[in-house]
Every structure is written in C-alpha cells, then in structure tokens.
Amino acid sequence: MYLTISKRFEFSASHRYYVPSWDEEANRTFFARRTGGPHGYGNNFTLFAVFHGDIDRDDGMVINVTTIKQRVNEILADRYDHKFLNADSPPFNEIPPTPENIAAVLMRDLTRAFDGERATPVVCHVMESPETGATAYADGMIERHYWLEFSAARKTMSPHLSDEGNRNLFGPAFGLHGHGYRLRVTLRGEVDGTYGLIRPPHDTDMYLGAIPKELDHRYLNDEVAGMKDRPMTTECLAQYIFEQLEPRLPVNRVRLHENSYFFAEYHAGRKSCLGVESRFHAAHRLHSPALDDATNREVYGKCNNPAGHGHLYRLETTIGGELDERSGTLYPLDRAIGSIDDVLQRWDYKHLDEDTQDFTDRPSTAENMIVALWPRLQSALDNRVVRARLWETPNNRFTLRADRS
Ligand code: NI
C-alpha cells in the first residue's frame, strides 16, 4: 500500500507563454492569445504538493502539515506569488511558464526544500485555471490536464440486455434523463524543450474541441453513431471518448464526472475504474497516548483542543477491475454507494475518539483514519478498491493506494 498526503495552496501571478528566441510575431502565431502582451496576463494558480512517507507510530502522521505549510509558503512568497513569472522567477526568463514547466520547476523547488525531512515530495500538481493544469512527478514524468464540459441526454442501458434486464440493473436511469458532464483529459509525454508543452496549442484546441462538438446537447443513444451498438453507461462513454482522442493525442486517461459524487475513468492499457464520493460528519481531538501533554500541544497545536473539534470529511473510493462487457458496467453503482455508506455509518455523527473503539490506542489523524477504513472498504467492495482518498478539509487530502501506480 502507498500513502500520500496532499496540501493545497494558492498563488496569483502574471505570466505569458513566450519563447525568448522567437520574435513577438512567431510567439503570437504559435501560442495565440496565451502569449498575451509584453507585460503578461494573470492567473490564480492552485498548487497541490504531495508527500509520501511512513506513519510515525507516536504522532500518527506522515509529516506535520504545519511543516509543509511553512516551507511551501516560503517558496511561493519568494518566487511565485504576486510575481511576473517571466521577469521575476528564473528559469522562466528562459523557458515559457506553461503549466508543464511551472509544475516541473516547482517539483524541483519542493525537492530541495524538503531534503532530509520525514516525508518526500513525490508529486506537484499545478492548476493554471479551472480548465487546465499539469502534474510533475519526482521521477521526471509530466502530465497535462484539460477540463471540458458538455450537457447531454441519455438512457442508461445495454443493447445486450432485455428491457426488463435494463430496468432491473439501471432502475430510474433506464428512463430518459440528462447530466452536465465534466470531462478531464490527461496527456502524458515529453515536454518540448523550446515551447514547454506536451502538445502545441492548435493541436489540443482542435482535437479536444471535437469532443463537446460531438456530444454537447445531444441525445447520446440516438445521435452518436459510435455509441449505437455499445452499452450507454458512463464507463463506456469514457472509453468511447478515450478512443476518439487516442489516435490524435498522447492521452493517458480520461475521467468523466456524471455528477458530483460519481465518475468513471478509462486508462491507456484498457483499464477502467469508477469513483464514488461519500461524506460523513465527525468530531475528534488529536491527542497521542504515546506523548505527554506538553508535546501533544506542541505537535498538534489547535487540533489538540481538549474539548475537541470536527470536520465534514469527504471520502472518494475508487473501484477497479474488469468491465462487464454485457452490461457495460464495472460495478453496480447503487451497491457501491450503499456498501460505502454502511462502512461510514460507525463514524457518521460521532466523536471518533469518544464514541468509537477505533482510536483508543492511536490518535485519530487522517492517516490513521484512512488506514482503518481500508480493510473495511475492501471487504465491503469485494477487494476491488484501488484507491481511497480522505479530505479532512478542502486543503488537506490523504490517499491510500493498493499499489504505487
Ligand atoms: Ni481535525
């Protein structure tokens, strides 16, 4: 199993996609409006800094979030926040501050800042805007993400099942209904050393733009020729979108959100998974029986408040395995939602330390919580959980994976 902790940050900066060895005209032709003018334009960036390490037996943490906050905020204040990146923040005077390059450089900054620390920075995810961002991994791999939206009507059904079979499996979704879909497309590949992107803007604009052009405001069962003989499920729709993009772009995976609590993902290598989001309300107090009172206060700060505090936790459970060709589903959605809710029942509207037996010998840190949840989720979901993510707040996320990939 592989545990990571992700901390969210924001910074605001001006920048422009600009290759110094090209003249203004060449930059404008290649980058179009993303090259802006000589003084750049602005974005509110979001950074997710992700760390991997072992849980300390005494304090129950991989690394103290306060340490992450201090170190990363120093980097951001020094080099990124309220700067004109092309002028103020080398090497962006020489390479264009594209999402790919910003993620890669920030990854190097993090690696330097956390040298010798308890946890190692492993991933640096930068959103340039809600529509696009990039991820840099410690091993040098880079990904670029694009978010798209479309609205469409459909009947969830498989042509391989009878009407009765469809009604039994899909329930009310077998009737005509609609969704506002959110689609994330992830490209993986070499970043061009000159223009700093995995693919030139005119390619991504054209090929990604073709997806909503085909699907937006359509009745999917009737108007999308390529889906006619396939089950109309979110799993199959994600696969279809992947197959449209694969010959044209180095797409690694697509994730299709049907609504806020359900998505299906299709990966290169023909792997599918689906994610379910659940929520629970819990109170707790971080206090380790292995530490004295003064050390507890020092380590946990305000989270050590004797009267306790609480969170609305979000849990995202990702289920993997084989797609059932006949029904076009990976796992019955209603069953997954129900099984996860059963697991969370014992914590929902409770005080984790006082009302449950799960944290009598260890602090109720999010790290210990996700480790406690894992075997219960596995047994509730036929050992098909590949990833579980726990958000303690929108800023702090803890992820456990069956394996590293
Ligand atoms: Ni807390």
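Cysteine 124 is buried, at a relative accessible area of 0%, where buried means under 20%, exposed over 50% and partly exposed in between (1.4 Å probe, protein chains only). This is a predicted model, in which local features need pLDDT of at least 70, side-chain atom pairs count only at pLDDT 80 or more, and totals for chains, interfaces and linings use all residues. Residues are numbered from 1 along each chain as its sequence is written, and side-chain values use heavy atoms, with hydrogens and water left out.

**Cysteines**
- Cysteine 303 counts as partly exposed because its relative accessibility is 25%.
- The disulfide count is zero, taking a disulfide as a pair of cysteine sulfur atoms within 2.5 Å.

**Nickel site**
- His284, His309 and His311 coordinate the nickel ion, each named through NE2, at 2.1 Å.
- Donors are N, O and S atoms within 2.8 Å of the metal (3.2 Å for Na, K and Ca); water is not among the atoms, so sites may look incomplete.
- Along the chain, the donors follow the spacing H-x24-H-x1-H.
- Histidine 284 lies in strand E11 (residues 271–284) and histidine 309 in strand E12 (residues 309–319), 25 residues apart; strands are DSSP runs (E, at least two residues), numbered from the N terminus.
- Histidine 284 is buried at 0% relative accessibility, whereas histidine 309 is partly exposed at 22%.

**Nonpolar cores**
- A nonpolar core is a set of buried Ala, Val, Leu, Ile, Met, Phe, Trp, Tyr and Cys residues joined through side-chain atoms within 4.5 Å.
- The largest has 92 residues, of which Tyr80, Leu106, Ile241 and Val254 touch the most other members.
- Another core, apart from it, has six residues, among them Val19, Phe30, Phe31 and Tyr195.

Conventions:
Helices (H or I, at least four residues) and strands (E, at least two) are DSSP runs, numbered from the N terminus.
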